[in-house]
Amino acid sequence: MELTLKDKVAVITGGSRGLGLAIAQAYIRAGAKVVIAARSQRTIESALDGLNAGAPGRAAGQACDVSDIVQVEALATFAVKTFGRIDIWINNAGLSAPYGPTAHISSPVYMNVINTNIIGTYNGSMVAMRHFVPQKSGKLINLLGMGDTGAVKFQNAYTSSKVWVRNFTKVLAAEYKDSGVTVMGFNPGLVLTDMLSQVSAVAGFEGKVSAIRIVAALWGNQAAVPAAKALWLASSATDGRTGQMVSVLTPGFMLGRLFTHGLRLLLRAPIAMMDLKITSVQPVMALVPLPVEETR
Ligand SMILES: NC(=O)c1ccc[n+]([C@@H]2O[C@H](COP(=O)([O-])OP(=O)(O)OC[C@H]3O[C@@H](n4cnc5c(N)ncnc54)[C@H](OP(=O)(O)O)[C@@H]3O)[C@@H](O)[C@H]2O)c1
């Protein structure tokens with residue numbers, strides 16, 4: 001059965017590029033109207049040109065830093081003013097910090113990740129629930145990510161924020177279980193976006209982060225793949241399934257990819273590697289020296 005979002009209105013934070021933009025495209029194709037948000041007005045405008053080219057009047061956007069509740073409330077007001085209601089809210093805006101030891105990442109950089117991934121998800125969720133609970137319907141989708149179920153060395157800010165998002169989403173779903181609102185977490189797997197291909201690393205840790213090319217070649221997807229899953233999440237197919245944590249990287253998918261790549265190696269077929277841009281950042285004062293082997 002074809003999934004439809006006919007006449008639904010979706011707000012997608014971080015919708016100006018990457019996964020958020022792919023989700024906006026998928027939702028418009030399924031009949032929805034979308035409001036995209038990001039900090040850069042210029043990027044929003046260029047995304048809107050593309051979104052409205054195929055389906056005029058179906059996409060609108062507003063600059064919004066999700067870490068600021070006033071801007072998130074203004075975004076919801078804008079969505080209602082533009083399209084009359086809100087049915088779907090996706091807290092997709094996200095950031096990662098440079099790859100490296102926690103004590104070498106500057107506090108403002110660390111806090112920027114927390115303010116976007118944690119405070120931004122909190123702000124978006126609260127504003128969305130204020131719309132959804134009275135109308136007894138709505139889909140709230142919070143983006144999970146790598147490390148959301150465990151500890152990952154050298155990615156403390158990002159992975160800790162996603163652990164928080166996972167727990168926060170589960171608690172919210174439990175509290176509003178019988179409200180008619182569906183609250184879900186979504187881990188899109190490895191997505192070939194700027195977040196994956198334009199990374200920064202603390203000086204001395206560039207070599208370790210470059211392994212991401214191999215992982216991305218094995219299990220990476222174009223954004224359209226998780227966007228199709230995000231369409232399923234927002235559709236009536238998930239009615240009554242509140243509290244679900246859905247992941248693209250299932251064991252079956254990962255094994256299947258390993259098998260395909262194994263075959264390619266046997267047949268000596270080329271395996272596409274993404275271009276990776278690594279920017280080095282200077283470590284802040286080495287408060288806590290690392291064991292020598294970690295820096296090799
Ligand atoms: N790529 C992956 O492999 C992957 C894997 C797992 C999970 N995810 C999650 O998927 C989501 C999207 O990732 P992506 O790969 O599409 O990232 P991306 O390509 O870097 O895009 C991030 C988007 O978020 C916006 N953004 C960043 N900070 C913001 C803020 N404070 N307020 C509002 N908008 C903000 C960016 O626009 P501006 O810079 O203009 O604000 C941009 O539109 C994130 O939550 C990420 O953690 C990604």
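The largest nonpolar core has 57 residues, and Ala10, Ile23, Tyr27 and Ile36 touch the most other members. A nonpolar core here is a set of buried Ala, Val, Leu, Ile, Met, Phe, Trp, Tyr and Cys residues joined through C-beta atoms within 7 Å. A residue is buried if 20 or more other C-beta atoms lie within 10 Å of its own, exposed if 12 or fewer, and partly exposed in between, with C-beta atoms placed from the backbone. The largest share of this core, 7 residues, comes from α1. A second, separate core of 5 residues includes Ala97, Ile105, Val113 and Ala157. In soluble globular proteins, nonpolar side chains tend to be buried together.

The model is predicted: local features need pLDDT of at least 70, side-chain atom pairs count only at pLDDT 80 or more, and totals for chains, interfaces and linings use all residues. Residues are numbered from 1 along each chain as its sequence is written.

Leaving aside residues up to four places away in sequence, Ala10 touches Tyr27, Ala32, Val34, Asp87, Ile88, Ile90 and Ala234. Such a contact requires that the C-beta atoms of the two residues, placed from the backbone, lie within 7 Å.

Helices (H or I, at least four residues) and strands (E, at least two) are DSSP runs, numbered from the N terminus.

The loop between α4 and β5 (138–143) contains Lys136, whose phi is positive, near 60°. Lys136 is exposed, with 10 other C-beta atoms within 10 Å. Most residues other than glycine have a negative phi.

The helix α10 has 16 residues and spans 22 Å from its first C-alpha to its last, close to the 22 Å expected at 1.5 Å a residue; the expected span is 1.5 Å times one less than the number of residues. The number of buried residues in α10 is 0, so this helix lies largely in the open. After α10 comes Arg268, with a positive phi near 55°. Arg268 sits in the loop between α10 (251–266) and β11 (277–281) and is exposed, with 6 other C-beta atoms within 10 Å.
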